[in-house]
Amino acid sequence: MATGRQGSGGAGDDGGHRPLDLVVPHHRARLRGRDDEIARAMAELRGAHGRSVLVVGEAGSGKTALLGQLVHDLAVDTEVLTVRGSVAIAGSDYASLGLLVSELSEADLTHPFLVVDGLTRLLRDRANGRPVVIGVDNADSIDARSVVVLNELCARGVVRLILCTAEAELLDPVLQQLVYSGGLQQIDLPPLSLADASLLLADELGSALSRMASFTIWEAAAGNPRYLQMMRMSLLAEDRLVLRDGIWVLRDLTGKGERSRRRTLERLHGMREEHRRVVDILACVRELPLPLLLDLAGHEVLDELLTLRLLLVDQRRAPAVRLRHPGLGDLVRAEMPLLRRRALHAEVLAVVGTRPLPVATRAGLIEWAVDAREPVAPEDVLAAAEYALQALDPARAAHLVESFPRAPDDVHAVVITIDVFCASGEFRRAERELARWEQLGLPVTDAEFVALAIAEQAVYRNLPDGYERAGAALIAARVRADGDEGLLSRIVTAEVELAAHQGHYADIVGTHLPDGVEASLPTAGTVLSADCITRLGWMAEALAHVGRTTDALRLIAATGAAFPLDGVSPMARFAFTEHEFFIRMVAVDFLHSRQLVAQGMEETDRPPGPIVLLVGLWEGLIDSFTGRHEQALESLRPVIAQLAVDGRASVLPVALGAAAYNSAQVGQAEEAAAFLARLDAYRGNPEWLVRRYAEYFRAASRLVLEEDRAAATAALLEQSHLEEERGLLQLAFDLALTAIVTGDGMAVQTTRRLAERVQGPAAAMARDLAASMESGDPVGLIAVGETAEGLELDAVVVAVAERVLQIEPLGAAHRRAARGLLQRAQQRTATPASASRRLEALTVMEQELAVAVADGASNEELGRRLHLSRRTVEWHLTNIYEKLPVTGRGELAALVDRARSAS
């Protein structure tokens, strides 16, 4: 799917360059995450029957920042004034109007309506026919006389208001009447989304953050902009947020300094008993729904704790309350006596009764019970541990499974412990747990023996040289199962997982789907077990690897339709989503691939979980195959930095290989070489698919870098031949398709042959591409480019268009068509950085002309400004259009504007 192509960008005609940021002016950065609210407010304020606006948001939600953005945007064609309420001056007449009333005479101040008359004259003179808007920050603290004046000015149509307050009910009754009468459009400020919070944090820190760092800060701050800043500063002070390879990443450190700890303890010990009780409860359960906490503590206590800034109300889901600082909860739990922990737990359970609880609260109660040494069912511990893994807190998950009370002969508990360690990537720790159990030498039933054997293969398949031991464990399990169909079904699933882990996908298809996919499709009304879902997911992925992507998608769709409403763990659902994502990527279905990523990030009932960390890799892969190389790097760099810090190297080789390929595509040869050098350290990765796709990207990177184009092409074809011998036709086809753009005759023949044996639209396109490459037919090549354009394979589009433009002689119509393909692909894949580089390829004169054209200058104006004739201007513009390439002034202006955003 990836294609080799030389990086763009070259020297200008005169060999000299002026830095683009000297030509392109810097534009003011806009307020992050409030585009919809700004648009609604502007529509109301500037409408034909313009209304005033009421902005409502909790403390720290960004009301003042939003007001500042509105003032900036309105100032172009509106007279804008701002005033601010304050409790300190709320008792003084007209104090909030400040300098405005200072320009009135003493006589005008004798009555509010005289003040209104005076301000009406003053504002109309100052506005000179333009509309007037007054922004009012802290509108709930405006003094009474100022409220009357502002209300009357609004009622007379002299001004429109922007009122900012935490709650509409806090406004003076006079202003509340404006709300109830419809004279104000209320705009509520929701918490920031994860994407917007990430951008805001990157702005403040001056560099991108890993997705895990962004998620952790966003989750702890509940999306509140002010609390985002507080969490950022706290993590920086604790040295948990660190800069690695130009990316801010989060590392796991325990506790603060001893001095800070003593200070916090002193504050806790001096706290009132009713306050300390709430703090202790939230420290243990971590999060409670607001109605439940109100039943436990009452309004007055909660209001006091909110005033003391100890609690945080999360409005993103049904209102939930937790401690503002996670470190405070850690400290409270560490010093809480066991008897108090148990007493509070019983008290909360009594209040909970039979109420339905959010997942976070249920997990917190289970963890609380474990810490209180209460009896807990292993299934409940697993559920709480899975929630901790989803919240990207593997240490918390490990603490749960290691700490909960269990009998020494509880095999089920041992298996759960091993499962959690494996899910969090701690395979050595899982191996030690397994070894401790084996040393006991306790008798086990057949079912327990099989469960332990399956857990053993899950551990050893992920350790170097552990494949034989993993296989031996499953062979022993088959002997012990002795014909038990239920146990054999579980063993078969484990065998499929083990085979997939070692890349034996053809064997999986040959063994489990010998007569086709029909027999394995779940029928209407079938309810699948979690074990069966896992097996079908791997079988579908195996079909994709052998080139049967259409069959794979049919199996995935039928399995998804038979999912039980409950009973399948979130981690198992995530694993199934991974299968579907990979299959759709292979099938060139990028639309649904992106939808899977978006759905995973939009979970509201629980943390998005592992997808938070891997979404950057997924997005990077999509962008790699669709030719959006700079966007791919923006996703992959943070993933690599965070995975390296966490020590989770399972998918790191793929991320490194993809990053090297994309760096090579954008002309960053040194960065590509650095990624490839780091990739060398992971050649022994135990997972076959990770190794193979890392090597695929390595070969593609070499092809782009052109260190030795013939050798790189030969390496790709050799690897393609090896995968074909293993029956992995899809990977063999991808490798050949990557090599075909070099024009190598063997690559063309190999691609044509493999395209006949794999399914999907990319195969049909490849057959046409091979035929056109052999004949050198520009018409056929352009048709292939148009097909690739429809499939979003912009990397193929660019490679094909560039090959057409190399054909000599080439007709004018064919040249226009090829350039059109190239221009559209570049527009779709353009980023501010790539736009800047393309403009830097122009001479200084051409850069000045391009910027002037973007600013709306005509050819005559350009000639006068630069002392050039009209024909010379036209000649320069023709050269600019040819170099970039663009088709006219509109596309040129769009390119310059995109480059400006990089400033």
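The model is predicted: local features need pLDDT of at least 70, side-chain atom pairs count only at pLDDT 80 or more, and totals for chains, interfaces and linings use all residues. Residues are numbered from 1 along each chain as its sequence is written, and side-chain values use heavy atoms, with hydrogens and water left out.

**Stop 1: helix α10**

Select residues 225–237. This is helix α10, with 13 residues. Helices (H or I, at least four residues) and strands (E, at least two) are DSSP runs, numbered from the N terminus. The expected span is 1.5 Å times one less than the number of residues.

Now colour by burial. Buried means under 20% relative accessible area, exposed over 50%, and partly exposed in between (1.4 Å probe, protein chains only). Pro-225, Tyr-227, Leu-228, Met-231, Arg-232, Ser-234 and Leu-235 are buried in α10. What do they pack against? Show α8 (194–205), α9 (211–221), β6 (241–244), β7 (247–250), β9 (311–314) and α15 (326–335). Contact here means heavy atoms within 4.5 Å.

Check both ends of α10. Asn-224 caps the N-terminal end, with a side-chain oxygen 3.0 Å from the backbone nitrogen of Arg-226. A polar contact is a pair of N or O atoms within 3.5 Å; within protein, one must be able to donate a hydrogen and the other to accept it, and residues adjacent in sequence count only if both atoms are side-chain atoms. After the helix comes Asp-239, whose phi is positive, near 65°.

**Stop 2**

Move on to β6 and β7. They run antiparallel, joined by 4 bridges. Two strands pair if DSSP finds at least two bridges between them. Leu-241 stands opposite Leu-250 of β7. The hairpin has 2 residues between its strands, and Asp-245 takes a positive phi near 55°.

**Stop 2: a sheet of 3 strands**

Select β8, β10 and β9. They form an open sheet in the order β8-β10-β9, with antiparallel pairing. Which strands are at the edge? They are β8 (288–289) and β9, and each pairs on one side only. Pro-289 has Ala-320 of β10 as its bridge partner.

**Stop 3: cysteines**

A disulfide is a pair of cysteine sulfur atoms within 2.5 Å. By this rule the count is 0. Cys-164 is in no disulfide; its nearest cysteine sulfur, that of Cys-154, is 14 Å away. Cys-164 is buried, at 1% relative accessible area. Cys-284 is also buried, at 2%.

**Stop 4: Ile-142**

Go to the loop between β3 (132–137) and α6 (144–155), where Ile-142 sits. Ile-142 counts as buried because its relative accessible area is 9%. Leaving out residues up to four places away in sequence, Ile-142 touches Arg-84, Gly-85, Ser-96, Val-136 and Val-147. Then pick Ile-416: its C-alpha is 60 Å from that of Ile-142, and the two are 274 residues apart in sequence.

**Stop 5: helix α43**

Finish at residues 844–854. Helix α43 is mostly covered, with 8 of its 11 residues buried. Among them are Glu-846, Gln-847, Leu-849 and Val-851. Gly-856 follows α43, with a positive phi near 95°.
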